[in-house]
Amino acid sequence: MKLTMRLMALFLVVALVAAGCSGGGKSVKDDLQQAIIKTTQADSYVLDASIKITEFSMSEGMMSDQDQIIADQMSALLKDATIQANAVYSKKEERTDMVIEVVLPGFMNMKLDMPMIIVGEKVYFKLPQIPMLPLPQDVLNKYIEVDTKALAAEQGAELPTLDAAEMQKVSQEMLNKSLVHFDEKVFFTKLKASEANLPEDVKADQVIKFAVTEANYGEALNVIVDKVLPEIIETIKSNESLLKLYDLGADQLDSAKTDLAQSKDEIKAFFQDNMKVKKLDHVAAIKSGVLAYQATDLNFEINGLEEEGQAILGMSLVVNYKDVNKEPKFENEIPTDAIPFEEFAAKMNSFE
């Protein structure tokens, strides 16, 4: 049961955040859902996203003394940590260029940048120089090339055939089947742009807010456990590519759905008594029918997973969309002198 509670805690948080990032049904829910669908179906876009960890802790009782020391170190490391991703996407070219930046104020204010280019089944990336993990000189500032299909074949694994179009289809199916259950009057609000605290460069025709509060938390639990989770399980079960991607069997999902049906009252009671959502606000700005901006603030605590332990997580997520369906501009050429991953691995093994 402890393992089940841990998994449900993770699943519940993901489902709540997913609900905050989506919508369905009529009126403002329908407007938000259609904006998300149009954005995911876009031929191209520029995306800037940032995630900031505002609070993270795991108290005594959750783990052994040794693990508690590690958890305390992780808490100090992740406090105010940020991940920034800037990406340019083109469906026609099957290409995404991205730069990921990680800033760790709790660890010597470390800043790490990793450029990536994803083209079809190939991934090119540059590793940042990390003080504790020095790189060979002939690897520095060089792209490393990973042929995902060849790598899977070498490892005797079958590469899941889940292309971007299919991912969009599956995402829309999950959205339409699952998130339509959230009552618009209870969870959604239409805001004036002046009320939404939007960045100055974000222009919006419509701003919609989704919120889970102390008042509607119980209803959110009922929706997620009774309707959302069973439909998500069925959607995954019916998609062979997703089953391969997550290494799941249909029997496992049948078992999970049965366990959920048999334990749903207990699960809801546990989270009602032990999980406190201090804040879950999601604001989405829509311009010309597509998303222009999304911001999520989440802070929650879970008690009672292990004896008297407590886990707290606070985070914020901000996403800006620009140049949707405009001609994409890629700043970098696809590297012709990239180091094959196998060669890179050999260099690292022999490097002292």
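Reader: Which residues have the most contacts inside the largest nonpolar core, and how many residues does that core have?

Author: In this predicted model, the largest nonpolar core has 46 residues, and those with the most contacts inside it are L32, F182, F188 and L291. Such a core is a set of buried Ala, Val, Leu, Ile, Met, Phe, Trp, Tyr and Cys residues joined through side-chain atoms within 4.5 Å. Residues are numbered from 1 along each chain as its sequence is written, and side-chain values use heavy atoms, with hydrogens and water left out.

Reader: Why is F188 called buried?

Author: Buried means under 20% relative accessible area, exposed over 50% and partly exposed in between, with a 1.4 Å probe and protein chains only; F188 has 8% relative accessibility and therefore counts as buried, as does F210 at 1%.

Reader: What makes the pair of F188 and F210 edge-to-face?

Author: Rings of Phe, Tyr and Trp (its six-membered ring) pair if their centres lie within 6.5 Å, and planes under 30 degrees apart count as stacked, over 60 as edge-to-face and the rest as tilted. F188 and F210 lie 5.2 Å centre to centre with 70° between the planes, hence edge-to-face.

Note on methods:
Predicted model: local features only at pLDDT ≥ 70, side-chain atom pairs only at ≥ 80, totals over all residues.
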